[in-house]
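Please summarise the sheet, the helix packing and the ligand surroundings of the structure below.

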Amino acid sequence: STSLAVYYQARKRERRAAQYQPRPIELRREEVLSGVTGLIGNTPLIRINSLSDALGVEILGKTEFLNPGGSVKDRVALRMIEDAEKNGLLYPYTGSRIFEGTVGSTGISIATIAVARGYNATIIMPDDVAEEKVKALLALGAEVERVRPASIVDKKQYVNLARRRAIDFGKRSSLDRANSLTDNGSPHLLKSPPSVVISTLSTHATSGADADPRADEDIISKPRGFFADQFENKSNFEAHFDGTGPEIWRQTDGRVDAFVSGAGTGGTIAGVGQYLKSMNEDVIVALADPEGSGLYNKVKYGVMFDRKEAEGTKRRHQVDTVVEGIGINRLTNNIELALPIIDDAFRITDAEAVSMSRYLVHNDGLLLGSSSACNLVACVKLVRQMGWKDGQKIVTILCDSGTRHYSKFWNDEYLHTANIPNDSHIVLDLLDTP
Ligand code: PMP
């Protein structure tokens with residue numbers, strides 16, 4: 001562990017330059033919350049008793065599955081929509097439509113908030129994700145388009161398609177506007193910009209936040225398309241930097257030794273990690289990375305792929321996967337914000353995640369989704385690697401509930417067909433418990 005200490009010291013120096021300044025914490029203490037969005041965030045932190053007792057440390061889980069949309073993604077969806085409203089990119093009750101490419105959780109969160117705030121939603125997702133998510137989306141009135149899983153360079157990849165659909169919607173509503181304006185004899189208004197907005201770091205930085213869009217009758221009366229773009233949108237990072245991170249700091253009285261998280265868009269690990277490091281740079285931030293994801297190699301060796309990994313890498317894009325929501329093979333704005341503050345990474349197999357989920361349901365009564373299970377396997381691996389056993393505090397995210405995963409991760413028949421072992425000894429071996 002001397003060489004580990006030297007390694008962490010070096011990582012600490014590297015990341016100083018990239019650090020973000022914390023903002024004051026705003027706590028909501030209303031007794032009556034305003035509608036469904038009032039329920040988002042401020043989730044409890046629980047001690048995972050079985051693992052904590054077995055390891056002699058405190059394994060603490062942030063119960064994000066308690067958010068009204070059922071996952072950590074509610075925070076991100078709310079922040080992206082609020083920021084878009086502030087920047088004049090979305091207007092409620094005008095037929096405006098939010099487009100997003102997602103494996104499901106973000107879509108459900110967007111669809112939920114869209115209803116509450118007067119928008120429509122179109123969700124593009126791969127067709128191999130658990131059916132439960134599609135059912136929830138349809139129940140919420142979202143338009144759902146499912147595509148074959150493909151690499152991000154493919155035009156039909158779900159994120160690219162969501163962007164495309166937003167642009168088409170914008171063009172259509174611009175055309176509608178043009179026609180209706182020509183009809184009523186106001187051709188000069190044809191010069192209005194197309195009504196699609198691609199939300200990226202740069203448009204956020206340059207959009208006119210202080211112009212009051214409500215003054216513009218033309219804009220309010222016409223529908224707009226907004227591509228939420230969770231992978232590149234910095235509101236994702238900020239939801240965690242301003243929310244999840246400060247909440248964890250407060251809930252642990254600033255005594256937290258490590259934060260462990262997987263990364264899908266990277267927003268959670270970047271936002272929480274950067275906030276905790278800004279409060280105490282000795283907090284260790286560790287990545288839980290599933291099979292087939294390139295992030296593990298990026299953190300460990302500075303490159304996304306190596307030859308040996310090529311098979312596994314392909315798998316995540318083209319074949320059914322059992323762990324949903326984490327793992328990625330490309331760099332995004334939110335991943336870039338995370339890389340400087342990630343100290344270490346752990347590769348988690350499907351079998352380890354399955355084993356952990358069954359261990360937790362039997363010992364703690366916690367029925368969790370696949371990414372939460374990956375996070376907890378990584379917690380155990382980190383504790384073992386560090387040799388911790390004296391009450392150190394390790395915080396992780398319980399991203400969503402197992403109820404969203406009955407058709408795959410929690411379906412023994414599916415696991416059998418997919419050749420993924422369901423073996424309780426895997427976790428017992430990790431814990432060194434007979
Ligand atoms: N778990 C689940 C269930 C998710 O849907 C996601 C988001 N795709 C994550 C974890 C990962 O979070 P992030 O996007 O912040 O990296």
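**Briefing: sheet, helix packing and ligand shell**

Strand E2 (residues 58–62) and strand E11 (residues 393–397) run parallel and are joined by five bridges. This is a predicted model, in which local features need pLDDT of at least 70 and side-chain atom pairs count only at pLDDT 80 or more, while totals for chains, interfaces and linings use all residues. Residues are numbered from 1 along each chain as its sequence is written.

**Sheet**

- Strands pair if DSSP finds at least two bridges between them; helices (H or I, at least four residues) and strands (E, at least two) are DSSP runs, numbered from the N terminus.
- Glu58 has Lys393 in E11 as its bridge partner.
- The open sheet holds six strands in the order E1-E2-E11-E8-E9-E10, with mixed pairing.
- Strand E1 (45–47) and strand E10 (344–348) are at the edges with a single partner strand each, so one side of each has no neighbour in the sheet.
- From one strand to the next, the twist averages 25°.

**Helices H3 and H4**

- The axes of helix H3 (residues 73–86) and H4 come within 8 Å and cross at roughly 50°; axes are lines fitted to C-alpha atoms, for helices over the stretch in contact, and angles run from 0 to 180 degrees between N-to-C directions.
- H3 and H4 are therefore oblique to each other (angles under 35 degrees count as roughly parallel, over 145 as roughly antiparallel, 65 to 115 as roughly perpendicular and the rest as oblique).
- The contact of H3 with H4 comprises six nonpolar, three polar and three charged residues (Ala, Val, Leu, Ile, Met, Phe, Trp, Tyr, Cys and Pro count as nonpolar, Asp, Glu, Lys and Arg as charged, and the others, Gly among them, as polar).

**Helices H4 and H5**

- Helix H4 (residues 105–117) packs against helix H5 (residues 131–139) at an angle of about 15°, with the axes 9 Å apart.
- This makes H4 roughly parallel to H5.
- H4 and H5 cross in the left-handed sense.
- Gly107, Ile108 and Ala111 of H4 make the contact with Lys133, Ala136 and Leu137 of H5.
- Four nonpolar residues, one polar and one charged form the contact of H4 with H5.

**Helices H3 and H9**

- H3 and helix H9 (residues 234–251) pack at about 115°, their axes 8 Å apart.
- H3 and H9 are therefore roughly perpendicular to each other.
- The crossing of H3 and H9 is right-handed.
- Residues of H3 in the contact include Arg75, Val76 and Met80, and those of H9 include Ser235, Glu238 and His240.
- By class, the contact of H3 with H9 has three nonpolar, five polar and four charged residues.

**Ligand shell**

- Ser105, Gly264, Gly325, Ser371 and Cys399 come nearest among the 17 residues around the ligand (C-beta atom, placed from the backbone, within 6 Å of it).
- The shell around the ligand divides into four nonpolar, 11 polar and two charged residues.

Key. Left-handed = near helix turned anticlockwise from the far one by under 90°. Contact = placed C-beta atoms within 7 Å.
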